[in-house]
Amino acid sequence: MSTTPETADLLTATALRREDLLHDYRLGWESRHASLAGRKEVFMGKAKFGIFGDGKELPQLAMARAFRPGDWRAGYYRDQTFMLAIGELTLTQYFAQLYANPDAEADPASAGRSMGGHFGTRLLDEDGQFRDLANSKNSSADISPTAGQMPRLVGLAYASKLFRQNPELHQFTQFSDKGNEVAFGTIGNASTSEGVFFEAINAAGVLQIPMLVSVWDDHYGISVPAEYQTTKQSISAILAGFQREGEGQDGFEIFVVKGWDYPALIDTYQRAAEVCRTQHVPVLIHVTEVTQPQGHSTSGSHERYKSQERLGWEEEHDCLRKMREWLLVEGHATKAELDQLENEAKETVKQARTASWNAFFNPIKQERDEVVKLLDALLLETNTENELREMVSGLQFNPAPIRADMVRTVRRVLRQVRGQRSAARRDLLNWLEQAEADNADRYNSYLHSQSEHATTNIEEISAEFARNAPPVDGREVLQACFDANFRRDPTIFAIGEDVGRIGDVNQAFAGLQAKFGELRVTDTGIRECTIVGQGIGAALRGLRPIAEVQYLDYLLYAIQILSDDLASLQYRTKGGQKAPLIVRTRGHRLEGIWHSGSPIQMILGSIRGMQLLVPRNMTQAAGFYNTLLRSDEPALVIECLNGYRLKEQIPTNVGEFTLPLGVPEVLREGSDVTVVTYGSMCRIVLDAAQQLAEVGISVEVIDVQTLLPFDTQHSIADSVRKTSRVVFADEDVPGGATSYMMQQVLDQQQAYRYLDAQPRCLSAQAHRPPYGSDGDYFSKPNAEDVFDTVYELLHEANPKQFPAIY
């Protein structure tokens, strides 16, 4: 472990000039005044909540001096000084995010969708294409969950390893300079208590990647001090075993430096980044004795839980105060010069705050004035002045209106004049229609890709089969598909437990590591969360990862990262970033509580923003992989566990044919009942449908194929129109995906209009299936359950023709 010395002359290594020192001092104070002003704006009601980076200014200035074009950041919401220092955040943008300005030019990080302190750069141009990332300073988009940035950080650094070690990737100069990039991560000391932090640290140590993690240690996690957070109250102390034994050995380099010691910070970051960049050794910098002058956030005061002694110590060790002392002692500036810089910084922040507020609020006031004119005209034309003037005046004289106030008022006014015909009412309706469209763009757009590479724009190519192609195990279809895609695109790689040497537990990658090398088909440790994070970070950098989670049941380890990070990425950046990661897993029927999972309800509710594909066989899965690997959207593909050794034919165009998403397939036509299902249930339903045909019941069996998106052409409603009866069947818990499918078909597609009988849901039991064939039979829907459910519908309609069975 390296502890940086607190001696003079450390700056000689970096040759900082006097103007550099004073630049940093002024920028530090600009950031500090921005924090102070931000807190006031919240208390004045101009912003909803604030969390700021005061006290962390000096270490972030030092980090910024080690950050080069092509480098990456995955941090958290106290990194404003760093973002200002690398030139990827302006003070007006800082305040724009605090005010939730929905203009992407005003707040490039999130277009007002994330609260203040969530930083990111726009990696994509207006057409959704990657910019020149190798020559820009890049920040992945922040998320709030503590330590949630760590899995993605692993992937950002892992991409540098691939770009350096795989010669096939050297051609992609838009994304990397042969892996000569460092991924900088930041985290608070309390957040290092999260398990995902330790998982990420271990993964980086195993992978030996250029990941540089800074821990801002201010001793607290909100009100909870370090003695309740960290063994030995020191993250560097407990990670000492990760320290490598010497150059060329695996492990970490660990540095400890005080957060108020400017020359030591500069020296530490220069040395640490050089080791990280040149040797691809992960580094941890434990920045101690950091202060937090305003406490955790605007939600409370730190005076409630810090002693007077601690508060006094923090004031004395404030990093900007210490830098001022050092500048004066070393003769780099006079007191008057530093006073002037501080005053100029305060004035700069004041001007930026005013400009940002005006840029946010003036358009709203202008919209408000326009709609008030329309409302005045309506009141005059409909003679409703007495009834509605108070409502209109409430909007007109509101000193701080928001767009919701306008739309709310217009909708309530229109209620009062319903049924009346007037030009003013038509004008108001036109305004409302336009306002709803504008606000949909501001607040609801970019859940999915809107580029030319969106899945909806991928050309459908039918599978072709040789006339006498022999049947093979389904896994061989996938193997051939992956082989063809790996040959086609060198940016594609696969990672996961047992993926490499044995070709995954079901052999779909069998032989591909030997063919394409360990960098393309790679085994990982048992660490689902960071397997997914490894894929997210690499996808952000222009690569095309396939991250495997061995069984669907184990997706729970990674669901938080999928939900909070990957699924929301395009949305929370309003199209500024994308990570087209494919997560491959397998589920449904096999054996036992933890190897037969179908937790679709949980997945549907948590990964909106991703595609959810549930192919019934491996040929369908291959078609979906071909589509996804040509698109720029993230997806989860759930293969059928019991389908790898079922016989299928390999298409002659196995690496080229594509399947559209959101298009169900009719597996069996029928006229009496529609059964909607997917995955492994398809075979069970088809079996039951054949049995039902033997007693005179015609069943139409529909495989939805994808749950997100779901039947975009409403073809299931057409089937229900024909049959007048519908059953939704799957292996999820009661009220799970069956309820979702019912809502989509009956509500969204309005198929309720065609029903002559109660719609039925057929699902698994509420518990997980126990081990053994009997456990499966009595826990999940079987062919007899399907038969009886469908038969009962026909019995209700015609008991004479279909008498009761039981």
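1. In this predicted model, strand β13 (residues 544–548) is mostly covered, with five of its five residues buried. R544, I546 and E548 point one way from the strand, P545 and A547 the other way, and all are buried. The buried set thus includes the charged residues R544 and E548.

2. β13 has strand partners. Strand β11 (residues 492–496) runs parallel to β13 and is joined to it by five bridges; I492 has R544 as its bridge partner. With strand β14 (residues 582–587), β13 pairs in the parallel sense over three bridges, and here A547 stands opposite V583.

3. The largest nonpolar core has 90 residues. Those with the most contacts inside it are M150, F197, M211, V213, I607, L612 and L707. Helix α5 (residues 149–165) supplies the largest share of this core, nine residues. Apart from it lies another core, of 85 residues, including L84, Y262, V290 and C319.

4. What does L612 touch, leaving out residues up to four places away in sequence? Its contacts are I600, I603, L604, I607, L636, I638, T706, L707 and L708.

5. Helices α13 (residues 403–416) and α14 (residues 423–443) pack at an angle of about 145 degrees, their axes 11 Å apart. The crossing of α13 past α14 is left-handed.

6. On the α13 side of this contact are R403, M406, V407, V410, R411, V413 and L414; they meet R425, L428, L429, W431, L432, A435, N439, R442 and Y443 in α14. By type, the contact residues divide into eleven nonpolar, one polar and four charged.

How values were computed
Residues are numbered from 1 along each chain as its sequence is written. This is a predicted model: local features need pLDDT of at least 70, side-chain atom pairs count only at pLDDT 80 or more; totals for chains, interfaces and linings use all residues. Side-chain values use heavy atoms; hydrogens and water are left out. A nonpolar core is a set of buried Ala, Val, Leu, Ile, Met, Phe, Trp, Tyr and Cys residues joined through side-chain atoms within 4.5 Å. Buried means under 20% relative accessible area, exposed over 50%, partly exposed in between (1.4 Å probe, protein chains only). Helices (H or I, at least four residues) and strands (E, at least two) are DSSP runs, numbered from the N terminus. Contact means heavy atoms within 4.5 Å. Axes are lines fitted to C-alpha atoms, for helices over the stretch in contact, and angles run from 0 to 180 degrees between N-to-C directions. A crossing is left-handed if the near helix is turned anticlockwise from the far one by less than a right angle, and right-handed if clockwise. Two strands pair if DSSP finds at least two bridges between them.
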